[in-house]
There are 4 protein chains.
Amino acid sequence: MTTAAATPEPVWRSDVGVELVRASASDADVVTAARVSTAGERAEEQRADDPAAHAGLIRFLLRNRHGTPFEHNSMTFLVTAPIFVFREFQRHRTGWSYNEESGRYRELAPVFYVPADDRDLVQVGKAGAYTFEPGTDEQRRVVAEQTRRACEGAHAAYRAMLGAGVAREVARGVLPVATFSSMYATCNARSLMAFLSLRTRHDEAAFPSYPQREIAMVAEQMEEHFARLMPLTHAAFLQARRVGP
Amino acid sequence: MTTAAATPEPVWRSDVGVELVRASASDADVVTAARVSTAGERAEEQRADDPAAHAGLIRFLLRNRHGTPFEHNSMTFLVTAPIFVFREFQRHRTGWSYNEESGRYRELAPVFYVPADDRDLVQVGKAGAYTFEPGTDEQRRVVAEQTRRACEGAHAAYRAMLGAGVAREVARGVLPVATFSSMYATCNARSLMAFLSLRTRHDEAAFPSYPQREIAMVAEQMEEHFARLMPLTHAAFLQARRVGP
Amino acid sequence: MTTAAATPEPVWRSDVGVELVRASASDADVVTAARVSTAGERAEEQRADDPAAHAGLIRFLLRNRHGTPFEHNSMTFLVTAPIFVFREFQRHRTGWSYNEESGRYRELAPVFYVPADDRDLVQVGKAGAYTFEPGTDEQRRVVAEQTRRACEGAHAAYRAMLGAGVAREVARGVLPVATFSSMYATCNARSLMAFLSLRTRHDEAAFPSYPQREIAMVAEQMEEHFARLMPLTHAAFLQARRVGP
Amino acid sequence: MTTAAATPEPVWRSDVGVELVRASASDADVVTAARVSTAGERAEEQRADDPAAHAGLIRFLLRNRHGTPFEHNSMTFLVTAPIFVFREFQRHRTGWSYNEESGRYRELAPVFYVPADDRDLVQVGKAGAYTFEPGTDEQRRVVAEQTRRACEGAHAAYRAMLGAGVAREVARGVLPVATFSSMYATCNARSLMAFLSLRTRHDEAAFPSYPQREIAMVAEQMEEHFARLMPLTHAAFLQARRVGP
């Protein structure tokens, strides 16, 4: 079913995409859920009070690790990123739902990740205590050249197999983990904060994390959406030095 | 903190309450999530096509147990029911979030469950194959009388301890599991269908279940909300004889 | 089916029971699981090295919140405690499995919880910042007397309904949450540490928690088993000030 | 850190590896866990009764979808398979724990998957109703040749980048999803049956599934271990036409 079309040209990307598809998430929902503990079925009636009280309660809940009030909300993202990012992403099991593009059901487009010029290339130090450095122009040239050559070679092999009538699920074996994929990912504020704790890098974090740069690029975009949807919760998360509830 | 108030009169209820607090849930979301598999990041563009195609795809997904497309949605309920119902409810772990009224943080109101006149009282048969029968007028009288007497006694003891300055968390030990509580419960269509499969009773179910009547009363109300929010998904669930994906 | 037997006498308990039924859990398993990351399928070969290296790696993993290596193990406990403890316990959803005694399938024995003499009875302060004080002899007397009277009344009502042929699931509504129940609970080291963080009270904890005394009594016994089975992991947990990975 | 070594020769594999590392799993544990419902803390005492009763109870539990008694056990596998298999595998979130070899922490060995001669190569039919056919000798030749050429090219590019001092996490982008990886995977009988339902293909299954052949190869080996460890549970699973509890 793919043989008739002309071979598409490879596309090179150095960015990732995060689109907020749908959200039902607000700070007020956290407050109401928490008040079920103290007000029972009348929790809803107390919604309309002052923002300062909301901020204080949210900070209290987060700092004391009362996690469940942060779960009664939902955010769905459309994420576009290389497969090696999705491999790390999908290790988050609790409070996450995924639907990803399938290499069995469709021909994958030749969109490949190549590091941008500002992506540090060289790792210094020992396991558990790495730092990264920019690398030389020569190293940058090697990465660009080798990545392009290998991805083009892989794509040509993929197309040759498809052209010979081989099943997509067999042919895709040659595609590199730098190939872009896309997925719907749905989470709640609690599972998102757990993800952000581990997948962003911040010196002020109580528990420092050293995520790979590319998943951090995804996480940073998700965090911007989160901060806009739930500003009080996000502020409390920062104040707690990025420890989720 | 409770001693000043006059002792509240016990309230007797034979019903349960389910209120849909908030939902972000539609059949179209299921379709779009599923199409990420086959259309990648263009899944969203294909949203506006015909309802018949949606119904067919949803039936296909459900029947073939492709569960994840049913997870990218969210429903929050305020449930009011006796503690013995919540004990069963909260055994559902996956895809469920709970915040319940706390007997540590507030004085619990004396609202107690007493079976309605149409609640079958007598269990016939052996473990795993029970049927229920209405019971006699005398049995109904015994239940009403004993339930009321025991609950009133428990409430008096609770109030006496609170009145003496004893902590709520200590005093509440005497309260019966027939005491009403309330909670926020958030789920998605997949986790809800798993719950409905086990907590409703239907002769046409592929896997018959024998839930206690009171949790079925909760489940039935939740199912009505679900059927209204996601009519195609609900229809496919019925067609699959109440086996969730 | 219960009418023939003589009414059993109530039993009063002030303790809880935790028995380790079965465990497949050792520090070496954590080390081997972690080494899959760095040694792949040869991880197993490296098992036999020195304990000091194990301790260091486990501390590193825990402190840096690498949680998954702590999941490849299993502990099954038989817990005997009042229903109000189980209500809190079963809110732990991730990494926990439960099978509890059923008030639908069997007649519940009249075993009730009454606070021991050293259980603090009086709560001082405001929500979120309570402290507890012992209480007076008079308060202790009120608790003992009211608890006993209410539980005996409830049990008499329960037996009266059973004696009249009413189903167990209907009759049990009157039983207080101080009634003892029992359950199998299976977890792994990661889910257990999350539980211990929240359900024990320690001044040196990085995130202080204020569990109800009775669930802390259960948690403390579980922690002793855990410390014996996985001493290096437990030591690392203490060193991390009771923050789980 | 990898530059000194001579470039390793690619290794071609057409099989997958499943080793049972550790198990604490028996049919008797299922029976005991279930009996907590009916016997409370005396469940353990009833262990030693006859195998026929065990088989009957296990069948009853499984058929009636009483799932939790199948969770109080643990099996840890060391799985060696191509990355495209792990991508599908790790979508199983509930009741599964994973630790996988890391392309960030170590240089990945050049071991690549190439389909065996008996692997069907051609997909016939439309989405949702595919069948597979062997394919021609020419197609088999194209697959072997293109796969080898692309994987060798990818590995040469990977080595060239490492040789230039580029970080492993950057260089690995070119590696194909046919590259072998290894992981520890821990599950229980319930989560394993859910996996087997979806990841094996059997005509007699109540809900037919169409997994990719390579993950089915992994699942079949896991099922053999499961059948040996828990023969009554496995037999009940087959009798229920491969629907897990």
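**Close-up views of a predicted model**

**View 1. Where chain B meets chain C.** The contact takes 52 residues from chain B and 52 residues from chain C. Keep in mind while looking at this and every other view that the model is predicted. Putting chain B and chain C together buries about 4300 Å², and carbon and sulfur atoms give 53% of that area. On the chain B side, look for three arginines: B:Arg87, B:Arg91 and B:Arg93 lose the most area to chain C. Together they make up 15% of what chain B buries there.

**View 2. Where chain D meets chain C.** Here 38 residues of chain D are in contact with 38 residues of chain C. The buried area comes to about 3100 Å², with 47% of it from carbon and sulfur atoms. Which residues of chain D lose the most area to chain C? They are D:His72, D:Asn99 and D:Tyr184, and together they account for 21% of what the chain D side buries.

View 3. Four strands of chain A line up in the order 2-3-8-4, and their pairing is antiparallel. Strand 2 (17-24) and strand 4 (96-100) stand at the edges with a single partner strand each, so one side of each has no neighbour in the sheet. Going from one strand to the next, the twist averages 20 degrees. Zoom in on strands 2 and 3 of chain A and you can follow seven bridges between them, in the antiparallel sense, with strand 3 covering residues 74-82. One pair to pick out is A:Ser24, whose bridge partner in strand 3 is A:Ser74. Now bring in chain B: its helix 1 (residues 27-39) lies across strand 2, strand 4 and strand 8 (180-187) of chain A. That helix runs at about 55 degrees to strand 4 of chain A.

View 4. To find your place, look for C:Phe77, which stands opposite C:Ala185 in strand 8.

**View 5. Helices 6 and 7 of chain B.** Helix 6 (residues 189-199) and helix 7 (residues 213-229) of chain B pack with their axes 10 Å apart, at an angle of about 140 degrees. The two helices of chain B are therefore oblique to each other, and the crossing is left-handed. From helix 6 of chain B, the residues in the contact are B:Ala189, B:Leu192, B:Met193, B:Phe195, B:Leu196 and B:Arg199. Helix 7 of chain B meets them with B:Ile215, B:Ala216, B:Ala219, B:Met222, B:Glu223 and B:Phe226. By class, that makes ten nonpolar, no polar and two charged residues.

**View 6. Helices 6 and 7 of chain D.** In chain D, helix 6 (residues 189-199) packs on helix 7 (residues 213-229) at about 140 degrees, with 10 Å between the axes. Helix 6 of chain D passes helix 7 of chain D in a left-handed crossing. The contact includes D:Phe195 and D:Arg199 from helix 6 of chain D, and D:Glu223 and D:Phe226 from helix 7 of chain D. Its residues divide into ten nonpolar, no polar and two charged.

**View 7. Helices 2 and 8 of chain D.** Helix 2 (residues 51-63) and helix 8 (residues 231-239) of chain D cross at roughly 45 degrees, and their axes come within 9 Å. Are helix 2 and helix 8 of chain D oblique or roughly parallel to each other? They are oblique, because angles under 35 degrees count as roughly parallel and these two helices cross at roughly 45 degrees. The crossing is right-handed. Helix 2 of chain D brings D:Pro51, D:His54, D:Ala55, D:Ile58, D:Arg59 and D:Leu62 to the contact, while helix 8 of chain D brings D:Leu232, D:Thr233, D:Ala236, D:Phe237 and D:Gln239. Sorted by class, there are seven nonpolar, three polar and one charged residues.

Definitions and conventions
Residues are numbered from 1 along each chain as its sequence is written. Chains are lettered from A and ligands numbered from 1 in the order in which they are written. This is a predicted model: local features need pLDDT of at least 70, side-chain atom pairs count only at pLDDT 80 or more; totals for chains, interfaces and linings use all residues. Side-chain values use heavy atoms; hydrogens and water are left out. Two strands pair if DSSP finds at least two bridges between them. Axes are lines fitted to C-alpha atoms, for helices over the stretch in contact, and angles run from 0 to 180 degrees between N-to-C directions. Contact means heavy atoms within 4.5 Å. Angles under 35 degrees count as roughly parallel, over 145 as roughly antiparallel, 65 to 115 as roughly perpendicular and the rest as oblique. A crossing is left-handed if the near helix is turned anticlockwise from the far one by less than a right angle, and right-handed if clockwise. Ala, Val, Leu, Ile, Met, Phe, Trp, Tyr, Cys and Pro count as nonpolar, Asp, Glu, Lys and Arg as charged, and the others, Gly among them, as polar. Buried area is the accessible area (1.4 Å probe) that two parts lose on being put together, summed over both.
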